[in-house]
Amino acid sequence: MKKYLSLILLIFLFASCKKSKKDDITACGVTNPIQNLTWLNQKAKLFTGGPELNGVVLYKYKDSEIIQINQAVSSKAYDIYNCNGQVVMFNDANGLDNYIANRKKVAVLYGNWEY
């Protein structure tokens with residue numbers, strides 16, 4: 001009996017877990033940042049190829065939220081922005097390497113892949 005009760009409890013726990021959807025994520029102070037950050041929404045409207053070829057990833061870097069856009073039609077592998085939509089620039093390759101080594105992925109906001 002105890003074995004069945006444990007099994008029922010596990011089934012209930014798994015069934016009650018809500019999978020987080022990308023539009024439920026909060027970034028830069030708003031929920032659904034792809035829709036609700038004007039600058040990001042404008043960039044997302046330019047995506048060609050859909051989520052298979054493009055990605056938007058939210059990272060934490062040096063206590064700041066960073067949005068990285070991996071766009072199929074860009075000549076660069078990705079673009080890095082702060083919450084205001086300003087491009088994050090690094091002084092040299094060491095700065096970019098430091099960013100890549102120390103960023104922490106928070107969530108994938110759009111797409112199926114990331115750098």
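**Chat about a predicted model**

Me: Starting with Tyr 99, is that residue buried or exposed?

Reply: Tyr 99 counts as buried, at 0% relative accessibility, where buried means under 20% relative accessible area, exposed means over 50% and partly exposed is in between, with a 1.4 Å probe and protein chains only. This is a predicted model, in which local features need pLDDT of at least 70 and side-chain atom pairs count only at pLDDT 80 or more, while totals for chains, interfaces and linings use all residues. Residues are numbered from 1 along each chain as its sequence is written, and side-chain values use heavy atoms, with hydrogens and water left out.

Me: How many aromatic pairs turn up in the whole structure?

Reply: A search of the whole structure gives five aromatic pairs, a pair being Phe, Tyr or Trp rings (for Trp, the six-membered ring) with centres within 6.5 Å, called stacked if the planes are under 30 degrees apart, edge-to-face if over 60 and tilted otherwise. One of them joins Tyr 59 and Tyr 99 edge-to-face, at 6.3 Å centre to centre and with 75° between the planes.

Me: And which elements do Tyr 59 and Tyr 99 sit in?

Reply: Tyr 59 belongs to strand β3 and Tyr 99 to helix α4, so their pair ties together parts that are 40 residues apart in sequence; helices (H or I, at least four residues) and strands (E, at least two) are DSSP runs numbered from the N terminus. Both Tyr 59 and Tyr 99 are buried.

Me: What about Phe 90 and Tyr 99, how are they arranged?

Reply: Phe 90 and Tyr 99 make a tilted pair, with 5.5 Å from centre to centre and 35° between the planes. Phe 90 counts as partly exposed because its relative accessibility is 24%. Tyr 59, Tyr 61, Phe 90 and Tyr 99 together form one aromatic cluster.

Me: Phe 90 made me think of the largest pocket. Which residues line that?

Reply: Phe 90 is in the lining, together with Lys 76, Ala 77, Tyr 78, Asp 79, Ile 80, Val 87, Val 88, Met 89 and Leu 96. A pocket here is, on a 1 Å grid over the protein atoms alone, an open set of points where a 1.4 Å probe fits, with protein on both sides within 12 Å along at least five of seven lines, and lining residues have an atom within 4 Å of a point.

Me: What volume does it have, and what classes are in the lining?

Reply: The volume of the largest pocket is about 190 Å³, a volume being the space filled by probe spheres set on the grid points. Its lining has eight nonpolar, no polar and two charged residues, with Ala, Val, Leu, Ile, Met, Phe, Trp, Tyr, Cys and Pro counted as nonpolar, Asp, Glu, Lys and Arg as charged, and the others, Gly among them, as polar.

Me: Changing topic, which cysteines form a disulfide?

Reply: Cys 28 and Cys 83 do, with their sulfur atoms 2.0 Å apart, and the count comes to one disulfide by the rule that the two sulfur atoms lie within 2.5 Å. The torsion about its S-S bond is about -75°, so the disulfide is left-handed. The pair links distant parts of the chain, 55 residues apart, since Cys 28 is in the loop between β1 and β2 and Cys 83 in the loop between β5 (79-81) and α4 (93-102).

Me: Are those two cysteines buried or exposed?

Reply: Cys 28 is buried, with a relative accessible area of 17%, whereas Cys 83 is partly exposed at 23%.

Me: Which loop holds Lys 62, and what is its phi?

Reply: Lys 62 is in the loop between β3 (55-61) and β4 (64-70), and its phi is positive, about 50°, although Lys 62 is not a glycine. Most residues other than glycine have a negative phi. Lys 62 is exposed, with a relative accessible area of 62%.

Me: And where is Asn 32?

Reply: Asn 32 lies in the loop between β2 (30-31) and α2 (33-36). Asn 32 has a positive phi of about 50° as well, and this residue is partly exposed, with a relative accessible area of 23%.

Me: Last one: how many helices and strands are there?

Reply: The protein has four helices and six strands, running α-β-β-α-α-β-β-β-α-β from the N terminus.
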